[in-house]
Amino acid sequence: MADSYAMVKGGKLNLKGHKLKKSKKHKSHKRKHDGSSASGQSSRPSDHEDVTKHGGWWEVKEFADITANIAIEVGDSVYIIALDNGGLAIGEPRDEGDGPDPTEIFTAIKINDTKVAFKSGYGKYVTVESDGRLEAKAEAMGAREQFEPVFQEGKLALNGCNNCFLTCDEDGELACSARTAGEGEFLRLRSSAVRERDPLEDIPTEERGSVKDAEINYVKKFQSFQDRRLRVSEEDKAALKKAKKEGDLHEVLLDRRSKMKADRYCK
């Protein structure tokens with residue numbers, strides 16, 4: 001198995017409430033996503049909690065996020081698994097904190113701005129067969145190996161080359177056979193790729209740059225400029241440098257502005 005997995009590397013959604021009847025056998029493996037509770041009210045965890053729960057695998061929310069390793073989650077911590085005979089099935093539910101098994105990880109290959117192909121760890125492409133069933137036996141990529149992830153209203157469904165959405169039939173087989181997308185077709189793509197984080201994203205725009213720039217930005221934000229003059233405090237900037245280091249630059253800038261305004265009215 002380890003040798004076989006050497007290759008694994010780290011249109012509009014028609015929401016019509018379509019739902020296929022699932023067999024008891026399949027239902028025991030496919031559980032509800034976190035997005036709803038039994039009462040129908042949202043109980044979805046925060047992004048950090050969600051990523052932690054799924055072993056560091058985060059939810060893909062737009063096509064641009066699809067990169068390299070991808071797991072296809074069809075239920076809460078339940079993923080599509082590739083079999084060594086070329087078949088595809090629903091895997092066992094993963095424990096909280098665990099990510100997908102290596103057999104549940106696919107390499108996503110973008111074809112254009114809307115379509116993608118999936119390659120199993122066995123080096124075979126996922127294909128939509130003539131009857132809609134999904135298998136992973138193709139050596140090369142063609143039209144039948146292309147899928148369109150359709151994102152709409154916070155939901156995702158996979159549209160196959162036959163213009164049908166990925167779902168499960170009554171025997172638990174995966175197939176692109178649903179003309180419309182409902183609860184039985186909604187899924188999640190998860191990625192383990194490292195997401196780049198803007199180191200300044202937690203800093204207000206006005207406070208970026210030097211302390212001098214920050215003070216000017218705040219003056220521009222609050223001053224009316226009736227006489228077209230930019231009034232900046234003449235006090236020493238040392239206090240601002242200290243405040244920026246301690247994380248209370250915003251409060252100090254406002255205090256300096258208020259004091260400057262009071263001094264101006266007293267003159």
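This is a predicted model: local features need pLDDT of at least 70, side-chain atom pairs count only at pLDDT 80 or more; totals for chains, interfaces and linings use all residues.
Figure 1. Helix H2, which spans residues 47-53, contains Lys53. The side chain of Lys53 is joined to that of Asp76 by a polar contact of 3.0 Å.

**Figure 2. The loop position of Gly142.** Gly142 is located in the loop that links strand E8 (134-138) to strand E9 (148-152). Its relative accessibility is 23%, so Gly142 counts as partly exposed, a class that lies between the limits of 20% and 50%. Thr127 is 15 residues away from Gly142 along the chain, and the C-alpha atoms of the two residues are 8.9 Å apart.

**Figure 3. Nonpolar cores and the surroundings of Leu189.** The largest nonpolar core comprises 32 residues. Within this core, the residues with the most contacts are Ile80, Leu88, Phe118, Leu134 and Leu189. Leaving aside residues up to four places away in sequence, Leu189 touches Trp58, Glu59, Val60, Ile66, Ile70, Ala71, Ile72, Phe118 and Leu156. In soluble globular proteins, nonpolar side chains tend to be buried together.

**Figure 4. The chain as context for the close-up views.** Five helices and 13 strands form the secondary structure of the chain. Of its 267 residues, 39% are buried. The accessible surface of the chain amounts to about 15600 Å², and carbon and sulfur atoms account for 48% of that surface.

Terms used: Residues are numbered from 1 along each chain as its sequence is written. Side-chain values use heavy atoms; hydrogens and water are left out. Helices (H or I, at least four residues) and strands (E, at least two) are DSSP runs, numbered from the N terminus. Buried means under 20% relative accessible area, exposed over 50%, partly exposed in between (1.4 Å probe, protein chains only). A nonpolar core is a set of buried Ala, Val, Leu, Ile, Met, Phe, Trp, Tyr and Cys residues joined through side-chain atoms within 4.5 Å. Contact means heavy atoms within 4.5 Å. Accessible areas come from the Shrake-Rupley method with a 1.4 Å probe; for residues, only the protein chains shown count as cover. A polar contact is a pair of N or O atoms within 3.5 Å; within protein, one must be able to donate a hydrogen and the other to accept it, and residues adjacent in sequence count only if both atoms are side-chain atoms.
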